[in-house]
Amino acid sequence: MMTKKPASLQTFALTDLAQFTKEGEYSTNAGKDFHLFYVGRDDVHGILAYLLSHVSTSLYLNMFGYDDDSLNGECMRCARDPTITTVITLDKSQAGGVHEKGILASDVAQDAGAFNTHFAIGQSATHQISHTKGGVLDGKVGFEGSTNWSASGEGTFVVKGKAGGAGYKAQNNTLAVFTDPDAVARFTAELIAEHLVAVDQGGTLAAKKTPSKPAAAAPAKKPSPSTAKPKRSTAKPKRSTAKPKRRQPLH
C-alpha cells in the first residue's frame, strides 16, 4: 500500500534548512544557491532526514558509509514507490561491514525486488573505493561532502536541538547543500555514470567474474619416425618336390 507523498522539493529554498544550524538562521549575506554545514555544530542528520523525507520525484545517491537506519528507510520508501526514479550506489568495501550489511539484508527481506532494481554495490571504474558521499533530490537539490551516514559521521544529536550530551560523538565532517542548476545537472550525470559502473561490475557484494579466455589449442604433434625394427620373416622357403625332367638325346 502506497504511503502519502511528502511535501515536494519543487519549491525548496536553502533558507528552509536554517532551522538546523547552531544559530537557527543564516547570515544576511549568505548565498542563495549554496550553503555549508558542519557536523558537531549543526544538525546534519536533521538536514539529511528533512531532505530525504521530502523526495517525491527522483533520488540519485552514491553513499560511502551507509549506516543510518532512518535515512535508509527514506531511501527504501523511494525505491518501493514506482513514481519515484531511484538510483542508489554503495561502496563494496563498506557494504561488507557489520552494520551496513545488516541494513541491506533487512532491505532485501523487506522488498527484494525494489532493492535489486534500484541499488547497486561496487567500486570506481578503476576498482578503487567508491568514495562519493552525496545525492540529487527531485532534480532540484544536491548535497555532497565528507559526511558518511553513521551516528558519529553525522553527529546525530542525542539532546534535542543541540550538539553534546552523554554519549554524543561527532567526526569532523562537512555537508554542502546546493541548488545551482548547472551543478545539480552535472552531479546527476556523474551519479548515473558511477551507478552504471557498479552495475557492470555485478552490482552485488559478489564480484562479477571476468570471463576466462578459451585455452589455445595445442599444436598438432608431428608423427615421430618409427623406431621399431622391421620383423625378419622366420618362414623357411618351401623346397620344390618336383623331379627335374631328363633331357632327350639329340639325334
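What is the relative accessibility of Arg 80? Arg 80 has a relative accessibility of 40%, so this residue counts as partly exposed (buried is under 20% relative accessible area, exposed is over 50%, and partly exposed lies in between, with a 1.4 Å probe and protein chains only).

## Basis of the model

The model is predicted, so local features need pLDDT of at least 70 and side-chain atom pairs count only at pLDDT 80 or more, while totals for chains, interfaces and linings use all residues. Residues are numbered from 1 along each chain as its sequence is written, and side-chain values use heavy atoms, with hydrogens and water left out.

## Overall make-up

The chain contains six helices and seven strands (DSSP runs numbered from the N terminus, H or I of at least four residues for helices and E of at least two for strands). Read from the N terminus, the elements follow the order β-α-β-α-β-α-α-β-β-β-α-β-α.

Of the 251 residues in the chain, 37% are buried. The accessible surface of the chain is about 16100 Å², and carbon and sulfur atoms supply 56% of that area (Shrake-Rupley method, 1.4 Å probe; for residues, only the protein chains shown count as cover). Among contacts in the chain with a separation of 6 or more, 74% join residues 24 or more positions apart (a contact has heavy atoms within 4.5 Å).

Strands of a sheet pair through backbone hydrogen bonds, in either a parallel or an antiparallel way. Strand β2 (residues 58-63) and strand β5 (residues 133-137) run antiparallel and are joined by five bridges. Within this pair, Leu 61 has Gly 135 of β5 as its bridge partner.

## Helices on the sheet

## Salt bridges

There are four salt bridges in the structure (a side-chain nitrogen of Lys or Arg within 4 Å of a carboxyl oxygen of Asp or Glu). One of them joins Arg 41 to Glu 23, at 2.1 Å from N to O. This pair connects distant parts of the chain, 18 residues apart: Arg 41 belongs to the loop between β1 and α1 (44-53), and Glu 23 to the segment before β1. Arg 41 is partly exposed at 34% relative accessible area, and Glu 23 is partly exposed at 46%.

Arg 80 and Asp 111 form another salt bridge, with their closest N and O atoms 3.2 Å apart. Asp 111 is partly exposed, its relative accessible area being 23%.

## The surroundings of Asp 42

Which residues are linked with Asp 42 in a network of salt bridges? Glu 23 and Arg 41 share that network with Asp 42. The closest N and O atoms of Arg 41 and Asp 42 are 3.2 Å apart, and their side chains are also joined by a polar contact of 3.2 Å (a pair of N or O atoms within 3.5 Å; within protein, one must be able to donate a hydrogen and the other to accept it, and residues adjacent in sequence count only if both atoms are side-chain atoms).

Asp 42 sits in the loop between β1 and α1 and is buried, with a relative accessible area of 2%. Leaving aside residues up to four places away in sequence, Asp 42 touches Phe 20, Thr 21, Lys 22, Phe 37 and Phe 157.

## The loop between β4 and β5

Gln 128 is in the loop between β4 and β5 and is partly exposed, at 48% relative accessible area. Its side chain reaches the backbone oxygen of Thr 126 at 2.9 Å. Gln 128 and Asp 91 are 37 residues apart in sequence, and their C-alpha atoms are 9.5 Å apart in space.

Definitions and conventions: Pairing = 2+ DSSP bridges.
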